[in-house]
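Please keep the sequence and the 3D view at hand while reading.

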Amino acid sequence: MKEMIVVASNDTQLIRDLSYHFQEDLLYAVKFVKENELISTIKTIEPKYILLDSMFEILEELNKNVNRSKSSIIMVANVEELSSRFMVGNVDCIINKPIDYEMFREQLFVLKQEQKKKQNLLNKRLTNILLILGIPANVKGYFQLREAIKLVIQKPSYASAVTTDLYPKIAEKFKTTPTKVERTIRHSIEVACNKGTISNIDKILGIDIFPADWKPTNSELIALLADRMMLEGYSC
């Protein structure tokens, strides 16, 4: 499957050049949108790359709506424009006009590797946390619980809509029902409670406030662990 590059540009020459260089590409597909269509487009298709042509004003809104661990933001502009802008942290890559397309392809590959590295680090940390709590991968509900935490990291509003939004989203991925998702996650937590290892949450959070017989609800544990991951700087 080709990786999607969504391009927002008013430069007809740039659009022609990109169309020419990627028209028969085996790795990438290019979709051109207008600036006022950009946010709705990325919410719908979640592209691998978002290329902005000197559209500095939309950066703040874009960062609020894009999942930066899955979509890389690339800014293309003239040197004069770039020198007068401060964009550190708001974009993943800056490219000068005119575009050197050989170097551009190399940069796309680098961005892809960086995204994979972020996801690997996140998965390793989540696995370690669940093991500390006494929930290894062979416990029924482990993968659903891990997915729930990742989804809340990605979209924090899921934490307050567990039954209506989160469980159905997980059920869709695992091809099951929201009720079964709730049940399997509950099972994995009960395993940790029965072993007494759920109290290790204090070690993870760095605070000593939970009693040894603490039995969290699904939503409590998911929200606590997702919040901890975000505080540690992980994104999803």
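Ser-54 sits in the loop that runs between strand S3 (49–53) and helix H3 (59–65). The model is a predicted one. Ser-54 has a phi near 55 degrees, which is positive although the residue is not glycine. Most residues other than glycine have a negative phi, and most peptide bonds are trans.

Another non-glycine residue with a positive phi is Lys-175, where the angle is near 55 degrees. Lys-175 counts as exposed because its relative accessibility is 76%, and the cut-off for exposed is over 50%.

A cis peptide bond is found between Lys-97 and Pro-98, with omega at about -5 degrees. Pro-98 is part of the loop between strand S5 (93–96) and H5. Within strand S5 lies Asn-96. With a relative accessible area of 39%, Asn-96 is partly exposed. Asn-96 and Val-79 are separated by 17 residues in sequence, and their C-alpha atoms are 6.1 Å apart in space.

Helix H5 covers residues 101–132 and includes Gln-115. Is Gln-115 buried or exposed? Gln-115 counts as buried, because its relative accessibility is 4% and buried means under 20%. The side chain of Gln-115 makes a polar contact of 3.1 Å with the side chain of Lys-48. Apart from neighbours within four places in sequence, the residues in contact with Gln-115 are Lys-48, Ser-69, Lys-70, Ser-71 and Ser-72.

Gly-134 is in the loop that links H5 and H6. Its relative accessibility is 5%, so Gly-134 counts as buried. Leaving out neighbours within four places in sequence, Gly-134 is in contact with Val-191, Ala-192, Lys-195 and Thr-197. From Gly-134 to Met-1 there are 133 residues in sequence and 38 Å in space, C-alpha to C-alpha.

**Helices H7 and H8**

Which residues of H7 are buried? They are Val-162, Leu-166, Tyr-167, Ile-170 and Ala-171. These buried residues of H7 pack against H6, H8 and H10.

Helix H8 spans residues 178–195, 18 residues in total. At 1.5 Å a residue, H8 should span 26 Å, and its end C-alpha atoms are 26 Å apart, so the two values agree. In H8 the buried residues are Val-181, Thr-184, Ile-185, Ser-188, Ile-189, Ala-192 and Cys-193. They pack against helix H6 (142–154), helix H7 (162–174) and helix H10 (218–231). Gly-196 follows H8 and has a positive phi, near 80 degrees.

Asp-208 is located in the loop between helix H9 (201–205) and H10. Asp-208 is exposed, since its relative accessible area is 69%. Asp-208 and Val-152 lie 56 residues apart in sequence, with 24 Å between their C-alpha atoms.

The table lists the relative accessibility of residues discussed above.

| Residue | Relative accessibility | Class |
|---|---|---|
| Gln-115 | 4% | buried |
| Gly-134 | 5% | buried |
| Asn-96 | 39% | partly exposed |
| Asp-208 | 69% | exposed |
| Lys-175 | 76% | exposed |

**The protein as a whole**

The protein contains 10 helices and 5 strands. Its C-alpha atoms fill a box of roughly 65 × 35 × 30 Å along the principal axes. The protein has 236 residues, and 43% of them count as buried. Its accessible surface is about 13000 Å², and carbon and sulfur atoms account for 51% of that surface.

Key. Residues numbered from 1 in each chain as written. Predicted model: local features only at pLDDT ≥ 70, side-chain atom pairs only at ≥ 80, totals over all residues. Heavy atoms only, no water. Helix = DSSP H or I, 4+ residues; strand = E, 2+ residues; numbered from the N terminus. Buried < 20%, exposed > 50% of the residue type's maximum accessible area, 1.4 Å probe, protein only. Areas by Shrake-Rupley, 256 points an atom, 1.4 Å probe, with all protein chains shown as cover. Expected span 1.5 Å × (residues − 1). Contact = heavy atoms within 4.5 Å. Polar contact = N/O pair within 3.5 Å; in protein donor to acceptor, adjacent residues only side chain to side chain.
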